[in-house]
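Hi everyone, and thanks for coming. Let me walk you through a structure that may be new to you; please have a look at it first.

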Amino acid sequence: MNVFGVIGGLGPKATSKFYLDTIRKYLKKCERYPQILVDNVSFPRKLEQEIIQNCRNENEMLPYLMKSVRRLNKAGADFLVMPCNTLHIFIEDLRRESRVPVLSIIDETIRLIKQNKYKKIGLLATSKTVESDLFENGIELILPDEEEQNEISGIELRILKHQVTEKDRNFMDKIIVKLSKRGSDAIIIGCTDLYQVINFKDREFDIIDTLEILINSSFERMMRGESK
C-alpha cells in the first residue's frame, strides 16, 4: 500500500473533507482502511489573514511548510499532497525538500482542463493565487473584477472564522453565473475552502473542483501501490 502524507490544516475543513472523502473512495475498492499521515501545520492565524486579505508576508509560511515536509518524510510517507491552492506558490521548494514525490493540485487541475479541451476558464481563488498566475499554463482565464475579487477574499476569511452567511453563498452563485456568461467553458474552484459556499448542482456548465481533483489523483496514486 502506498502511504501518503498530507500537509494539512490549510484550512482545517478542506483537510477534513480531503481526508474523509479519500477514505470513502478507498473503501469502495478495498476491504481495509488506507494509511494516511496528516501533519496539521501550526502557524499564526494572523499570517493566514495577511496572505488572504492583503497578499503579503506569504514567504513567512514557507518554514512551516518545510518542517511539515520533513516530518512526513520521516514518518514514512511514499508521496505528499497539500490541499491548498495558494501555497502551491512554494511547490518547487517543497519538492526540493522532500525525498518523496509531492503531487501538485495545480498540475493535476491543468491536466484535466487540457484533457477536456476547455478554452476559456473562469477562476475563483484567493487574490494571491490569481496574482501568482498559478493556473496560467496556456489557458485563457476569465477573472472577477477587482471589487468582486475583494469580496471573495472577505468570504474566504469568513469561512475560516466560521462566519459564512447566506448572502455569501448567493454572491458566489452570482459570480459563477457571471463568469459563465462572459464566455467561460468551465469554472475552477481554485480555493479548497470555497466548496463550503458553492452550489455544485444543476449547472449548465462544468465546475472544476480542485479539491475533488486532488482526492481523485491521490486515490489513483494510492491504488497503484495496492496493485504491486
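Let me start with a question: which residue forms a salt bridge with Arg158? The partner is Asp168, and the closest N and O atoms are 2.8 Å apart. By salt bridge I mean a side-chain nitrogen of Lys or Arg within 4 Å of a carboxyl oxygen of Asp or Glu. This pair links distant parts of the chain, with Arg158 in helix H7 (residues 146-160) and Asp168 in helix H8 (residues 166-181), 10 residues apart. Helices here are DSSP runs of H or I with at least four residues, strands are runs of E with at least two, and both are numbered from the N terminus.

Before going on, a word about the source: this is a predicted model, where local features need pLDDT of at least 70 and side-chain atom pairs count only at pLDDT 80 or more, while totals for chains, interfaces and linings use all residues. Residues are numbered from 1 along each chain as its sequence is written, and side-chain values use heavy atoms, with hydrogens and water left out.

Back to our pair: is Asp168 buried or exposed? Asp168 counts as buried because its relative accessibility is 3%, and Arg158 is partly exposed at 24%. Buried means under 20% relative accessible area, exposed means over 50%, and partly exposed is in between, using a 1.4 Å probe and protein chains only.

The whole structure has 16 salt bridges. Another one joins Glu97 and Arg70, with 2.9 Å between the closest N and O atoms. Here too the pair links distant parts of the chain, from helix H4 (residues 91-97), which holds Glu97, to helix H3, which holds Arg70, 27 residues apart. Arg96 is exposed at 63%, whereas Asp93 is partly exposed at 23%.

Now to the sheet. What is the order of its strands? The sheet is open, its 4 strands run E5-E4-E6-E7, and the pairing is parallel. Strands E5 (140-142) and E7 (206-209) are the edges, each pairing on one side only. Two strands count as paired if DSSP finds at least two bridges between them; E4 (residues 120-124) and E5 are joined by 3 bridges. In that pairing, Lys120 stands opposite Glu140 of E5. Helix H5 (residues 105-115) packs on the sheet and touches E4, E6 (186-189) and E7, and its direction makes about 155° with that of E7. Touching means heavy atoms within 4.5 Å, and such angles run from 0 to 180 degrees between N-to-C directions, along lines fitted to C-alpha atoms, for helices over the stretch in contact.

Finally, some backbone details. Most residues other than glycine have a negative phi, and most peptide bonds are trans. Where do we find something else? A cis peptide bond joins Leu10 and Gly11, with omega about 0°, and Gly11 sits in the loop between strand E1 (4-8) and helix H1. Cys55 is not a glycine, yet has a positive phi of about 55°. Asn57 also has a positive phi, near 65°. Cys55 counts as buried at 18%, while Asn57 is partly exposed at 34%.
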